[in-house]
Amino acid sequence: MSTDEETLARVALTWLAEPGTRSVHRLVDRLGAAATLDLLLDGGAPDETLRATVAARTAAGDARAVAAEALARGDRLGARIVVPGDDEWPDRIDQLRGLRLPGAYRRVDTETAPPLCFWVRGSWPLAEALDRSVAVVGARAATGYGTHVATELGYGLADRDWTVVSGGAFGIDAAAHRGALNAGGITVAVLACGVDRPYPMGNAALFDRIADTGLLVSEWIPGADPLRPRFLIRNRVIAAGTLGTVLVEAAARSGATQTTHRALALTKPGMVVPGPVTSAMSVGTHELLREHPKARLVTGVAQVLEEVGRIGELAPVPRGPQRPVDQLDDDARSIVEALPRRGAVGVDVLAARAGVAVRTALRKLSMLEELALVVHRADGYALAPPAGAGRAGQGRRGNDQPPRAGGRTGEEARR
């Protein structure tokens, strides 16, 4: 059997039965694509549902003729067909063989077998583009907050040489793609229709940019319509083809959460960006965090890369501004805290307030003077004024407002 015949058969099978159909995938594994196509066209499908589907499709046209026309149309478009065994086939996609979703009963949740083929527009090899990739998905009706976050994630990931993968939809998807493009990086749009008729049409210019510098990918033949179930079918490819999925925004009933559910079921990092608890567009993201113990909350690129990157690639722990007193030992810190906010105090009184011996207080005060945290005056010790504080700054403070810690009153400053 020639390679061309096998490729044509895979295209025909994807047209006869929707991608992901497990019974078709098992037959191809056992018999090969060409023999499986012959079997199905002869009425030998292993189950009634598949037989009915094949009969309905063959009533609309000849499967081999449809596949041949699709291949010719793809050539005219500059789109190529990629099948298992090709150098650019992404082996990670094969993980879909083991995808089982708990409690699944709908067809889109049970028919999750790997693709038989991909249509690809763009110059990058598909496997190379997906090798270091992260999916960024979310609501179409995104808020300004969600769009900002998705753009920042797309830009930051691409700027660090990661491929950004999404579905090309309005809202979060488009923002993630644009962020990656603006960073000069690679982005991949996985479509639920033919690569020659990107949907939505409002993103046509965006799809052209992606095809120029990244990839447009689909399982469906050129010219295929963007039917609603196909968006859910393609989500399994986004989840399986990447190293992790970030959900930015999702309403209570959002298909975007489905991609993250599939990533988690494949034991990949499923990450969620929190949103305002008052936002309807974050209800789905927060619910996913509540339902899935393995879902991880992320707030930026560094935390995303900590989940999907190499071992030891840890995000910095958020900290407040560093203050000089943060480096002091307990006795020195107690002395600083015991000093009055205004005026000076003697060593004996200060030692009593701090609860340390006088000798300890003197030793620590000497060190604090060197650090410019305290000053020694005629009437005792006082907090040093903050850097840059001057008479003009003090003069603007109202009489009813105490100065900042370490500040001096106007009368003290004139001494």
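Strand β4 and strand β5 (residues 187-190) pair in the parallel sense, with three bridges between them; two strands are taken to pair if DSSP finds at least two bridges between them. Helices (H or I, at least four residues) and strands (E, at least two) are DSSP runs, numbered from the N terminus. Within this pair, Val165 stands opposite Val188 in β5. The model is a predicted one, in which local features need pLDDT of at least 70 and side-chain atom pairs count only at pLDDT 80 or more, whereas totals for chains, interfaces and linings use all residues. Residues are numbered from 1 along each chain as its sequence is written, and side-chain values use heavy atoms, with hydrogens and water left out.

A crossover is called right-handed if, with the strands pointing away from the viewer, the path from the first strand over the helix to the second runs clockwise. Strand β4 (residues 163-166) is covered on both faces: Thr163 and Val165 on one side, and Val164 and Ser166 on the other, are all buried. Here buried denotes under 20% relative accessible area, exposed over 50%, and partly exposed the range in between (1.4 Å probe, protein chains only). Strand β4 is also joined to β3 by three bridges in the parallel sense, and Ser133 has Thr163 of β4 as its bridge partner. From β3 the chain passes through helix α8 (residues 144-159) to β4, in a β-α-β crossover that is right-handed.

These strands belong to an open sheet of nine strands with mixed pairing, in the order β1-β2-β6-β5-β4-β3-β7-β8-β9. Strands of a sheet pair through backbone hydrogen bonds, either parallel or antiparallel. Strand β7 (residues 245-247) runs parallel to strand β8 (residues 270-272), to which three bridges join it; Leu247 has Val272 of β8 as its bridge partner. Helix α13 (residues 283-291) packs on the sheet and touches β7, β8 and β9, its direction making about 130° with that of β8. Axes are lines fitted to C-alpha atoms, for helices over the stretch in contact, and angles run from 0 to 180 degrees between N-to-C directions. Helix α14 (residues 301-308) lies across β3 (133-137), β7, β8 and β9 and runs at about 165° to β8.

Leu297 is located in strand β9 and is partly exposed, with a relative accessible area of 46%. Apart from neighbours within four places in sequence, Leu297 is in contact (heavy atoms within 4.5 Å) with Val272, Pro274, Leu289 and Gln303. The C-alpha atoms of Leu297 and His286, which are 11 residues apart in sequence, are 9.5 Å apart in space.

In helix α4 (residues 48-58), Leu50, Thr53 and Val54 are buried. They cover an arc of only 95° around the axis, which puts them on the same side of α4; the arc is that of the directions from the helix axis to the C-beta atoms. Elements covering these buried residues include α1 (3-16), α2 (22-31), α3 (33-41) and α6 (107-110). The face turned away from the buried side of α4 carries the exposed residues Glu48 and Ala56. Asp47 caps the N-terminal end of α4, with a side-chain oxygen 3.2 Å from the backbone nitrogen of Thr49.

In helix α15 (residues 330-338), the buried residues are Ala332, Ile335, Val336 and Ala338. They cover an arc of only 165° around the axis, which puts them on the same side of α15. The buried residues of α15 pack against α16 (347-354), α17 (358-370) and β11 (380-383), while Asp330 and Glu337 are exposed on the other side. Asp329 caps the N-terminal end of α15, with a side-chain oxygen 3.3 Å from the backbone nitrogen of Asp331.

Overall, the protein has 19 helices and 11 strands, and buried residues make up 50% of its 415 residues. Among contacts between residues at least 6 apart in sequence, 74% join residues at least 24 apart.

Methods
Polar contact = N/O pair within 3.5 Å; in protein donor to acceptor, adjacent residues only side chain to side chain.
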